[in-house]
Amino acid sequence: MTKRYNLKDIKEMILKVNDVKDLMELNRFVIKNIKAQRWIAGQAIKEDLAVGMRVNWTGRKGFHTGHIIKINRTRAQVREEGDFVNGTTWIVPMSLLNIVK
């Protein structure tokens, strides 16, 4: 049986690492895992998305709602509601999209 560590224990172990190369390798490992989890989440939602579907997401500029106008490989183009005259289109990672029912 493998021992499970909580986040506090992991942080304490990281603080004990003195070699910068080891920390950089750890950083690459963590980033790779984050990207993999985001990709899996994006693929899961991609199966449920369709052009014209109403979605929402939270980005750098706050909460948005809109309709999908195009689905690309990893992102979707979404036209924000209320901006049809201005034509504001966002390119949003699929892992950030939530389907509005």
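From the N terminus on, the elements of the chain run α-α-β-β-β-β-β, which makes two helices and five strands. Helices here are DSSP runs of H or I with at least four residues, strands are runs of E with at least two, and both are numbered from the N terminus. The model is a predicted one, where local features need pLDDT of at least 70 and side-chain atom pairs count only at pLDDT 80 or more, while totals for chains, interfaces and linings use all residues. Residues are numbered from 1 along each chain as its sequence is written, and side-chain values use heavy atoms, with hydrogens and water left out.

Taken as a whole, the chain has a radius of gyration of 19 Å, whereas a compact globule of 101 residues would come out near 13 Å. That radius is taken over C-alpha atoms, and the globule rule is 2.2 Å times the number of residues to the power 0.38. Along its principal axes, the C-alpha trace spans about 55 × 30 × 25 Å.

Now for the strands, which pair if DSSP finds at least two bridges between them. S1 (residues 54-59) and S2 (residues 62-71) run antiparallel and are joined by six bridges. Two residues sit between S1 and S2 in a hairpin, and Asn56 stands opposite Thr65 in S2. S2 also runs antiparallel to S3 (residues 75-80), this time with five bridges. Here the hairpin passes through three residues, and Ile68 faces Val78 in S3 as its opposite number.

In soluble globular proteins, nonpolar side chains tend to be buried together.

Val55 gives a view of the neighbourhood: leaving aside residues up to four places away in sequence, Val55 touches Leu49, His64, Thr65, Gly66, Ile68, Val78, Leu97, Asn98, Ile99 and Val100. Contact means heavy atoms within 4.5 Å. Across the chain, among contacts between residues at least 6 apart in sequence, 31% join residues at least 24 apart.
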